[in-house]
Amino acid sequence: MGGGKLISVHPEELTFEFELEKPAYCNLKIVNNTEHHVAFKVKTTSPKKYFVRPNASVVQPWDSCTITVTLQAQKEYPPDMQCMDKFLLQSTKVQPSIDIDEIPPDTFIKDGEKVIEECKLRVVYISPQSGHLNSVGVSGISSASMLSVRGSDIVRKSSFEEIQAPQRLRDERDAILQQNKQLQRELELLRRLNSRQSNTGFSLTFAAFAGLIGLLVGFILSIALSSSSTELKTL
């Protein structure tokens, strides 16, 4: 980690994955190592190639700030992918009342007892392919071993699926049997309800029929009795 007593800078160099006709990005982390407010400013030897945000700001005590540096899209490769550009990061203590958005232009001018620290950062270009190879080398896994790992993962996955298939079939069978039992219970309940309704209807019909017969018998008896009384009077 670069920097000085006031601030620390990480990383110590700006690394860009260089591709033609494409912008590249790099982040710098600025850490305030003091109990004071510290202002910083970023300069570069090639201001037309890079876009820095923020290029100047104030970091509160023990706080940090992230700077994003954008390499503009380039139309040709540099010789041997070597970059001679440099960045300069200046920092100095400021008053807490300073406006972050409007830092005075004389803030980073050496005057009297003012202390201005400077940190130089170089620029490194890498190709996406080399970046990928480096990441593989750091992990210690070659392409062959990667294929081996992927193959073993496929074998483990297929074995797991083979084990899970019978269990999944058993679960589906049990679910179907449970649904069949539920349907049988519902059918039995419907039969009972229909039987009760049929019995109730028969009882009502029988009672009505019996009442009608009773009325007819009573009417016949009343006629018979009235006829008998008439005959007795005649005699």
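This note comments on the strand pairing and the aromatic cluster of a predicted model.

1. Basis. Local features require pLDDT of at least 70 and side-chain atom pairs pLDDT 80 or more, while totals for chains, interfaces and linings use all residues. Side-chain values rest on heavy atoms, without hydrogens and water, and residue numbers start from 1 along each chain as its sequence is written.

2. Elements. The chain has two helices and ten strands, taken as DSSP runs numbered from the N terminus (helices H or I, at least four residues; strands E, at least two). Their order is β-β-β-β-β-β-β-β-β-β-α-α.

3. Pairing. Strands pair if DSSP finds at least two bridges between them. Strand β10 (residues 117-126) is parallel to β3 (residues 13-17) over five bridges, with T15 opposite V124. Strand β9 (residues 86-94) pairs with β10 in the antiparallel sense over six bridges; here K120 is the bridge partner of L88.

4. Aromatic pairs. The structure holds five aromatic pairs, defined by ring centres within 6.5 Å (Phe, Tyr and the six-membered ring of Trp; planes under 30 degrees apart are stacked, over 60 edge-to-face, the rest tilted). F16 and Y50 form a tilted pair, 5.9 Å centre to centre with 40° between the planes; F16 belongs to β3 and Y50 to β6 (residues 50-53), 34 residues apart. Y50 also forms an edge-to-face pair with F87, at 5.0 Å and 75°. Because Y50 lies in β6 and F87 in β9, this pair ties together parts 37 residues apart in sequence.

5. Burial. Buried denotes under 20% relative accessible area, exposed over 50%, partly exposed in between (1.4 Å probe, protein chains only). F16 is buried at 0%, Y50 at 5% and F87 at 3%. One aromatic cluster comprises F16, F18, Y50, Y77, F87 and Y125.
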